[in-house]
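Please examine the sequence and the structure shown here.

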Amino acid sequence: MQMVIMDGEEGEGIVEEEIDPLSSSPQEETDVVQEIFNAIEFVARLGDFRRTQRKECYGLVRRIKLLLPLIDEIRELETPKISETGMFCLCNLKKALFMAKKLLRTCNEGSKIYLALEMEAITIRFHAVYEKLGQALAALEFDELGISDEVREQVELMCLQLRRARRRTDTQDIELAMDMMVIFSKKEDRNADSAIIERLAKKLELHSIEDLKNETIAVRNILKERGYQTSESTQQMIDLLNKFKQVAGMEITSVLHDPVPKMQKSQSLVIPHEFLCPITLEIMRDPVIIASGQTYERESVEKWFESNHRTCPKTRQTLAHLSVAPNYALKNLITQWCEKNNFKLPKQDDPAPSDFCSTEHKEEIASLVGKLSSSMLEVQREAVKKIRMLSKENPENRILIAKCRGIPPLVQLLSYPDTKILEHAVTALLNLSIDEANKKLIAKEEAIPAIIEILESGSIEARENSAAALFSLSMLDENKVMIGLSNGIPPLVDLLQNGTIRGKKDAITALFNLSLNQANKVRALDAGIVPPLLHLLDDKNLGMVDEALSIFLLLASHPEGRPKIGQLSFIETLVEFIREGTPKNKECATAVLLELSSNNSSFILAALQYGVYEHLTELANNGTNRAQRKANALLQLISKTEHL
């Protein structure tokens with residue numbers, strides 16, 4: 001007899017053999033127990049997990065490993081000793097462990113982008129595993145199986161932990177969710193968005209070339225499983241992967257292409273793996289050895305170093321120096337192999353006149369940096385305008401401008417009375433701040449107070465770009481603190497209240513990022529952030545309802561925030577969004593109401609007066625995965641409140 005266990009996406013299942021307990025033989029009993037042991041052993045050997053699910057994975061692995069003493073005692077039984085009922089329970093335990101094994105394997109080997117985009121669905125799968133494991137263990141007949149009291153207590157404790165895990169408040173990474181929301185909701189391509197992409201790449205550990213090549217293969221496997229059908233979710237995976245590649249300086253190619261070198265496809269022979277550069281996966285013309293002992297194509301590793309990296313691309317270890325040494329032995333082997341197999345090495349492209357590495361380009365930027373300190377106003381204007389444009393064009397220019405000591409004079413220009421110079425200077429710093437190292441350099445030059453001053457009194461464009469610059473700089477936790485201490489939150493709140501639509505969007509993104517810091521939540525409340533956020537909820541045409549609710553969720557997590565936002569009118573607004581908002585509106589509003597109600601039952605009582613129960617019941621059945629969990633958690637709170 002077979003049964004299909006649904007696991008993951010709709011329509012996806014794994015076929016499991018189910019043992020009929022009425023006809024099980026001693027051999028079948030032994031097989032089932034051995035399969036359970038093998039599943040536990042497999043799970044215990046799993047290594048590093050994807051960052052977005054790491055905590056859940058390690059928690060589940062830790063609990064499953066606690067089952068080993070139980071299985072050891074069952075294996076010691078003389079067969080046939082297990083009743084039909086006991087055999088049925090063990091089969092259910094095996095199926096639950098197979099579900100766990102498949103889920104953990106996905107989190108160990110699967111696409112990192114998929115796991116981030118489908119974070120809610122993956123969490124649902126974890127909760128399903130908890131439930132199946134808990135049911136299987138609770139049904140075990142310990143006396144019949146001859147289980148010792150010590151092991152029995154351990155299993156009962158595990159069952160309690162599994163029940164608590166199913167009831168646990170959502171631990172979704174709110175910063176990651178907000179970043180995803182911003183990237184996929186913005187229609188215009190702003191340089192500030194690149195800072196979000198860089199943060200996402202680092203958070204998902206997809207910032208090295210090797211990581212991105214592996215991720216490409218993982219995404220391709222998902223597309224293959226889905227029959228290469230391009231749904232919204234698969235297109236988002238591809239788009240985000242390409243954005244990460246762009247930030248890393250990789251060529252954007254179709255995800256469906258093979259990750260092997262182009263010249264290898266046209267040849268009937270296979271190029272030895274050791275002849276391929278680990279960065280480009282192309283055969284090396286000029287192999288060189290770096291400080292880690294790894295060998296790369298000279299051109300590709302020099303570009304890596306010039307992109308401000310001081311690590312080995314393959315091993316990720318920090319290098320003692322950036323010198324390279326020719327690998328003559330390997331070069332001779334490659335030459336001999338090419339001659340023997342009549343393989344022609346591809347010619348090196350001639351560098352373009354505007355190439356990043358060219359002397360002419362470096363001299364041009366150095367000259368522009370020098371002109372920033374000119375005594376002639378028109379010369380300064382023209383130089384800062386050109387630096388603004390160059391810093392927008394590509395990552396290499398941002399690094400080179402910083403190397404040419406361009407940041408200090410740009411910061412000095414922030415105090416100039418000339419409106420155009422101010423606009424160009426603050427926008428150039430915004431562009432430069434996309435580079436991680438430049439964020440620290442800009443803050444070190446004490447640019448943050450000057451940027452805040454422009455945010456307070458500059459032109460409309462300068463204020464908007466100042467807000468975007470503060471958002472980009474606040475990617476670093478130490479800069480979050482510095483911006484808060486420098487009184488940068490009040491002018492952002494003012495821009496949120498009185499700015500253009502674009503200004504409001506820049507301000508709300510910066511304020512969300514800053515409010516991830518606990519002290520900044522209080523500063524935002526003191527600056528009067530609640531009224532402009534409520535206005536964004538009232539004016540749905542502005543398209544910032546979800547962003548506003550996300551900040552309300554952060555404020556609701558602070559003891560001083562709950563009384564300031566938990567007014568009756570706000571509770572009524574939340575209920576309205578739960579009733580008739582978009583699916584994302586409903587999800588966010590339910591999350592805010594749950595955060596408020598978990599700390600104070602009066603909020604849920606107020607919501608009940610506005611008819612929230614009926615809407616939560618509907619949401620629990622038909623909402624998004626996350627909305628369903630939030631709605632069910634609120635319904636449980638209501639049930640507890642009614643029994644008090």
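## Basis of the model

The model is predicted: local features need pLDDT of at least 70, side-chain atom pairs count only at pLDDT 80 or more, and totals for chains, interfaces and linings use all residues. Residues are numbered from 1 along each chain as its sequence is written, and side-chain values use heavy atoms, with hydrogens and water left out.

## Aromatic pairs

The structure holds three aromatic pairs (rings of Phe, Tyr and Trp, the last by its six-membered ring, with centres within 6.5 Å; planes under 30 degrees apart are stacked, over 60 edge-to-face, the rest tilted). One of them joins Phe126 and Tyr130, whose ring centres lie 6.3 Å apart with planes at 40°, so the pair is tilted. These two residues are four apart in helix H6 (residues 119-138), which means a separation of about one helical turn. Helices are DSSP runs of H or I with at least four residues, and strands are runs of E with at least two, numbered from the N terminus. Both Phe126 and Tyr130 are buried (under 20% relative accessible area; exposed is over 50%, partly exposed in between, with a 1.4 Å probe and protein chains only).

Phe275 and Trp337 form an edge-to-face pair, with 5.9 Å between centres and 75° between planes. Phe275 lies in the loop between helix H13 (262-265) and strand S3 (287-289), whereas Trp337 belongs to helix H15 (residues 328-340), 62 residues apart. Phe275 counts as buried because its relative accessibility is 6%; Trp337 is buried at 14%.

## Charges over rings

The charged end of Arg63 sits over the ring of Tyr130, 5.9 Å from the ring centre (NZ of Lys or CZ of Arg within 6 Å of the ring centre and within 35 degrees of the ring normal). Lys101 likewise has its charged end over the ring of Phe98, at 5.7 Å from the centre.

## Asn517

Asn517 occupies the loop between helix H26 (501-514) and helix H27 (518-526) and is buried, because its relative accessibility is 18%. Beyond neighbours within four places in sequence, Asn517 is in contact with Lys480, Val481 and Arg523 (heavy atoms within 4.5 Å).
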